[in-house]
Amino acid sequence: MESNKNFVLGVFDDEEVLLHAVEKVRDKGVKIHEVYSPFPVHGLDEALGYKKTRLPIAAFIFGMTGTSLALIMQIWMLGYDWPMIIGGKNFASLPPFIPVTFELTVLLSALGMVATFMIVSDMKPYRWPQQFDLRSTDDKHIMAIDLATNKIAKDDIGAILKESGAQEVNDKNF
Amino acid sequence: MQVSSSLRESLITGGKTVGDVSEDICRQVEGKPTKLWWMAFGVSLVLLGFGVYTMSMTLWNGIGMWGLNKTVGWAWDITNFVWWVGIGHAGTLISAILLLFRQKWRMSINRAAEAMTIFAVICAATFPLIHMGRLWLGFYWALPLPNAFGSLWVNFNSPLLWDVFAISTYFTVSLVFWYIGLIPDFAVIRDRAVRMGNNTRAIIYNALSFGWQGGAKTWMRYESVALILAGLSTPLVLSVHTIVSMDFATSVVPGWHTTIFPPYFVAGAIFSGFAMVLTLLLITRKLFRLEDYITIYHVELMNIIIIVTGSIVGIAYITEFFIAWYGQVPAEQYAFINRATGPYWWAYWSMMTCNVISPQLFWFKKIRTSLVATFVLSIIVNIGMWFERFVIIVTSLHRDYLPSSWSMFYPTMYDVGEYVLTFGFFFAAFLLFAKFFPVINMAEVKSIIKSSSEKKH
């Protein structure tokens with residue numbers, strides 16, 4: 001990450017005020033870098049104009065992979081590789097294979113989706129996050145605005161933030 | 001926009017603010033453990049020590065150390081296994097099923113209940129593992145691994161093998177679900193540690209939180225992951241006890257061979273699980289002064305679930321008896337008459353008293369809102385549910401097809417010791433969890449505090 005990144009931070013403590021502020025700030029043409037919150041705020045992703053996450057699709061694909069692998073494994077092992085007579089039933093009969101197929105579907109779907117989530121969100125145990133304000137995990141919502149991506153002057157952004165209900169407006173340089 | 005009904009009691013009492021939540025929950029993690037905690041931990045370690053001794057003796061000498069005989073080949077081990085797995089179910093019910101039903105009261109109890117699930121499943125898994133005798137060969141017996149017998153594969157037609165897959169999937173998915181919930185809360189502790197200047201703690205909790213930052217985009221993905229995990233866990237938890245019940249139901253032993261087993265076992269699992277959640281939470285609430293987060297209202301709602309599931313279990317007992325009579329199979333009829341009046345009558349009637357009669361006391365509001373009564377009844381329910389499994393397993397087996405093989409089961413010190421082992425592990429693990437991890441899901445509790453603050457405006 002390049003040095004000398006300058007941010008303006010708006011500090012909010014009410015999620016309703018924050019949601020309206022996000023809309024107002026974006027209406028004025030200010031680009032928001034990201035909003036950091038101590039808990040999920042419903043409607044914030046839409047207010048920020050984020051596209052819906054495609055993680056459910058990932059979960060479905062991983063789940064289908066689990067289903068196929070489980071069926072292939074069981075049918076191949078008991079049907080072709082070493083067929084055995086168990087209770088006089090067909091070598092590869094579907095009903096008794098359903099429980100294991102179901103479990104592996106769930107297992108791969110869950111693990112695959114969570115791994116995808118961790119990768120796309122860049123979550124690593126050794127990564128120290130870019131901390132704008134330590135209170136953003138406690139009780140404050142922090143709206144970070146990157147000055148490099150905005151043409152509006154810093155003081156004007158500060159004024160817009162104040163006007164839309166920010167409790168404090170701070171600077172943060174990395 | 002959140003709407004809160006004025007008719008409902010507030011979920012979090014004491015007029016807490018968002019900042020208070022971080023303070024109250026992180027205090028446990030940051031401070032030194034209390035004397036009471038050390039005492040409880042010490043007792044758990046003593047139990048664990050005794051258990052490890054008996055387990056080592058069993059592994060060294062073989063499972064002949066147990067009281068099993070040719071007729072009763074399954075007894076305490078499988079009873080304890082089913083009992084522990086059942087207990088785990090309440091955690092998933094609270095975290096997954098209640099999330100899908102948007103029940104907000106689950107928010108201050110889900111973390112501890114999920115931790116309970118994970119430790120209970122580990123306790124459960126020890127029994128079939130030890131029962132394999134030569135544990136170190138278990139991989140080849142239980143998992144489809146290529147082996148030297150020309151690759152003789154495991155039998156996918158067997159419910160015991162389904163169990164291997166069900167329990168390990170259940171454990172893994174529950175662990176992931178629990179951990180995903182913990183990630184934002186570890187970040188709270190990390191940021192507090194940075195402010196306090198405690199670098200070691202900051203680095204450890206940052207690693208645990210995977211560098212969590214709490215940006216809106218991450219929260220959006222996070223919520224989607226939590227919802228899908230809940231959607232996956234819901235059928236998973238139902239499948240686990242269904243498959244456990246099939247260990248019995250797919251056999252031809254009178255008393256086991258019934259189609260009612262899957263729903264009956266799932267209801268029983270939730271019943272005993274909620275009782276264990278109450279036992280643990282009432283202690284945790286006292287130990288860590290969480291009275292404002294785990295309120296009487298929470299206790300009351302859990303007690304209502306106990307009435308519902310307890311009544312389902314009661315109806316299942318009566319249905320089994322009725323069907324045995326109605327089905328006109330002499331062996332089935334004998335099995336049930338023998339349960340109630342045979343040599344194990346005391347186990348049967350303990351089960352009936354603890355599981356069918358005692359939860360009905362919760363119909364009285366005074367009893368279901370009393371902490372002492374709830375605590376006592378939660379333990380009684382768990383004793384009853386242990387007896388349920390014992391009755392199903394041992395009374396069905398001890399009258400074999402040949403009367404000359406009829407026998408009784410007497411536990412040895414080693415049977416008891418391995419049950420004690422799991423208690424030692426369970427409580428030690430729970431105490432460590434409660435000390436080092438945030439016991440209440442702070443992020444979720446904070447999100448419901450805001451909606452109640454709307455009343456002020």
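**Figure 1. Helices α9(B) and α14(B) cross in the left-handed sense.** In this predicted model, α9(B) and helix α14 (residues 371-398) of chain B pack at an angle of about 140 degrees, and their axes are 8 Å apart. The two helices are therefore oblique to each other. On the α9(B) side, the contact is formed by G268(B), F271(B), S272(B), A275(B), M276(B), L278(B), T279(B) and L282(B), which meet L371(B), T374(B), F375(B), S378(B), I379(B), V381(B), N382(B), M385(B) and E388(B) of α14(B). Divided by class, the contact of α9(B) with α14(B) comprises 10 nonpolar, 6 polar and 1 charged residues.

**Figure 2. Helix α9(B) also packs against helix α10(B).** Here the axes of α9 (residues 261-287) and α10 (residues 296-327) of chain B come within 8 Å and cross at roughly 150 degrees. An angle over 145 degrees counts as roughly antiparallel, and α9(B) and α10(B) are therefore described in that way. Their crossing is left-handed. From α9(B), the contact draws on Y264(B), A267(B), G268(B), I270(B), F271(B), F274(B), A275(B), V277(B) and L278(B); from α10(B), it draws on V299(B), M302(B), I305(B), I306(B), T309(B), G310(B), I312(B), V313(B) and A316(B). The contact of α9(B) with α10(B) has 15 nonpolar and 3 polar residues, with no charged residues. Among the α9(B) residues of this view are G268(B), F271(B), A275(B) and L278(B), and these residues also meet α14(B).

**Figure 3. Helices α3(B) and α8(B) form a further packed pair.** Helix α3 (residues 76-100) of chain B packs on α8(B) at an angle of about 155 degrees, with the axes 9 Å apart. This angle makes α3(B) roughly antiparallel to α8(B). The crossing of α3(B) past α8(B) is left-handed. Contact residues in α3(B) are V82(B), V85(B), G86(B), H89(B), T92(B), L93(B), A96(B), I97(B), L99(B) and L100(B), while those in α8(B) are A230(B), G231(B), S233(B), T234(B), V237(B), V240(B), H241(B) and V244(B). By class, the contact of α3(B) with α8(B) contains 11 nonpolar and 7 polar residues, and no charged residues.

Figure 4. In chain B, 53 residues are in contact with 53 residues of chain A. The side of chain B that touches chain A consists of 28 nonpolar, 18 polar and 7 charged residues.

**Figure 5. Chain A contains an open, antiparallel sheet of 4 strands.** The strands are arranged in the order β2-β3-β1-β4. At the edges lie β2 (34-36) and β4 (168-173) of chain A, each of which pairs on one side only. From one strand to the next, the twist averages 25 degrees. Helix α5 (residues 154-163) of chain A packs on the sheet and touches β1, β3 (141-146) and β4 of chain A. The direction of α5(A) makes about 10 degrees with that of β1(A).

**Figure 6. Bridge partners link the strands of the chain A sheet.** Strand β1 (residues 6-12) of chain A pairs with β4(A) in the antiparallel sense over 6 bridges. Within this pairing, V11(A) stands opposite E168(A) of β4(A). Strand β1(A) also pairs with β3(A), in the antiparallel sense and over 6 bridges. The bridge partner of V11(A) in β3(A) is I142(A). Strands β2(A) and β3(A) run antiparallel and are joined by 3 bridges. For V35(A), the bridge partner in β3(A) is M143(A).

**Figure 7. Chain A is assigned two domains.** The domain assignment gives domain 1 as residues 6-52 + 138-173 and domain 2 as residues 55-120 of chain A. The C-alpha centres of domain 1 and domain 2 of chain A lie 46 Å apart.

Technical notes
Residues numbered from 1 in each chain as written. Chains lettered and ligands numbered in written order. Predicted model: local features only at pLDDT ≥ 70, side-chain atom pairs only at ≥ 80, totals over all residues. Pairing = 2+ DSSP bridges. Axes fitted to C-alpha atoms, helices over the stretch in contact; angles between N-to-C directions. Contact = placed C-beta atoms within 7 Å. Domains from an automatic or database assignment. Parallel < 35°, antiparallel > 145°, perpendicular 65-115°, else oblique. Left-handed = near helix turned anticlockwise from the far one by under 90°. Nonpolar A, V, L, I, M, F, W, Y, C, P; charged D, E, K, R; others polar.
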